[in-house]
Amino acid sequence: MEGQPASNPPLIGGQRLRGRHYRSGETIEIAWSGGRIISVRPVSDEDAGGVVVAPAWCDLQVNGGWGLSFNSPTFSSDDAHHLAAEYRRHGVGECLPTLITNDFESIRHGLATLARARRESAVTRQIFVGYHLEGPYISPQDGPRGAHPLSQVRRPNWEEFCRWQDAAEGHIRLVTLAPEVEGAIPFIEKLSAAGVVVAIGHTAADGGQLDAAVRAGARLSTHLGNGCHAILPRHDNYLWQQLADDRLAASIIADGHHLPDSVIKTIVRVKTAEQTILVSDAGSLAGLPPGRYPCWEGELEVMSDGKIVLPGTPYLAGSGAFLDRCVRNMLRLGIVGRADTMDMAGAVPRRLLGLPPRRLEVGEPAEFIILRESSSEPSEIEPWLEVMIGR
Ligand SMILES: [Zn+2]
């Protein structure tokens, strides 16, 4: 874990902790067994020990980590179990492994392997609650396309999607696409009718196309502010239009590198904490020490600050952060309070997916985020987290 070591561990015995509920402020003692909470009882305020407790988070966009990728042709179910366990150590109780633009067979392989991993392990099944298909039905333009391979970008194809959904055993829960691509609007209608959440992303859509997408059922802007042209018309552009559309929630990569603080602040203020979702978009090199690594057709470099770049250039090539770093960064920025920051990484994405909320209640998973309040200033939170105890 990043951050300072715990100076005052909240654990009492092996499977019990005390702290203040992150939302209600009530001081509680939580006990668990076999990975589930078995009791929650109020205790006196002096017993909080400067600790705040929240449920584990939910990340809508993870591509891999520690050198492993869901998109790799060699991706195995052992890799899936390994990644699930590692994400959990970063505070993620649930997430959507993300398959990006690729040929039919590579995406099918990733989804079928994940489906097998879910069958093999109850823990992996609990963490990988579904999958995010990001592409291949996106803009072919440089900029909006991001790092997705142009040769595999194509128009929506319902039959192709259904074959992927079969391989995924019905667990593709989120699809990111560009609404201006021919055939996208009826495709959005079909996905929405099938219960799949539709997100707009890697797009160069105009205002009319964005409006048509929302009317067809699109509900989210994927990593708003990234996957864009470097230069845009100042007023008439898809960033302002998505920002101003109250029907769309927005996900943001708040790792400190993908968006300037001013853009993060503007998005959160306009969308509000109830419609903003923190995602990591963690790439396959996330979690690795600084250095150069072979990747795709060339090399990528992990910098000492965690940024992942094309060597010798300032161009970002995926995120090197997991969700805990994004949350820490948001706490540092202080745009919204601690409880809202926790919910932007947990309750809000769960609500978008239609998952039940995680609560600190009997029967819920014993997966916690522990935040430590500074002793000198009780209203302040130190911008670091201790994550995941239990089981
Ligand atoms: Zn993307």
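Trainee: How many aromatic pairs does the count come to?
Mentor: The count comes to 13 aromatic pairs, where rings of Phe, Tyr and Trp (its six-membered ring) pair if their centres lie within 6.5 Å; planes under 30 degrees apart count as stacked, over 60 as edge-to-face and the rest as tilted. This is a predicted model, in which local features need pLDDT of at least 70 and side-chain atom pairs count only at pLDDT 80 or more, while totals for chains, interfaces and linings use all residues. Residues are numbered from 1 along each chain as its sequence is written, and side-chain values use heavy atoms, with hydrogens and water left out.

Trainee: What kind of pair do Phe70 and Phe128 form?
Mentor: The ring centres of Phe70 and Phe128 are 5.9 Å apart and the planes are at 85°, so the pair is edge-to-face. Phe70 is in the loop between strand S7 (68–69) and helix H1 (77–89), and Phe128 in the loop between helix H3 (122–127) and S9, 58 residues apart. Helices (H or I, at least four residues) and strands (E, at least two) are DSSP runs, numbered from the N terminus.

Trainee: Are Phe70 and Phe128 buried or exposed?
Mentor: Both Phe70 and Phe128 are buried. Buried means under 20% relative accessible area, exposed over 50%, partly exposed in between (1.4 Å probe, protein chains only).

Trainee: Which residues do ring pairs link into a cluster?
Mentor: Trp66, Phe70, Phe75, Tyr87, Phe128 and Phe322.

Trainee: Now the metal. Which residues coordinate the zinc ion?
Mentor: Glu134 (OE), His202 (NE2) and His223 (NE2) coordinate the zinc ion, at 2.0 to 2.1 Å. Glu134 lies in strand S9 (residues 131–134) and His223 in the loop between strand S12 (220–221) and H7, so the pair ties together parts that are 89 residues apart in sequence. Donors are N, O and S atoms within 2.8 Å of the metal (3.2 Å for Na, K and Ca); water is not among the atoms, so sites may look incomplete.

Trainee: Why does Glu134 count as buried?
Mentor: Because its relative accessibility is 2%. His223 is buried too, with a relative accessible area of 3%.

Trainee: On to H6. What do its buried residues pack against?
Mentor: Helix H5 (184–193), strand S11 (197–200) and helix H7 (238–244), with contact meaning heavy atoms within 4.5 Å. The buried residues of helix H6 (residues 207–216) are Leu210, Ala212, Ala213, Val214 and Ala216.

Trainee: And what follows H6?
Mentor: Gly217, whose phi is positive, near 130°.
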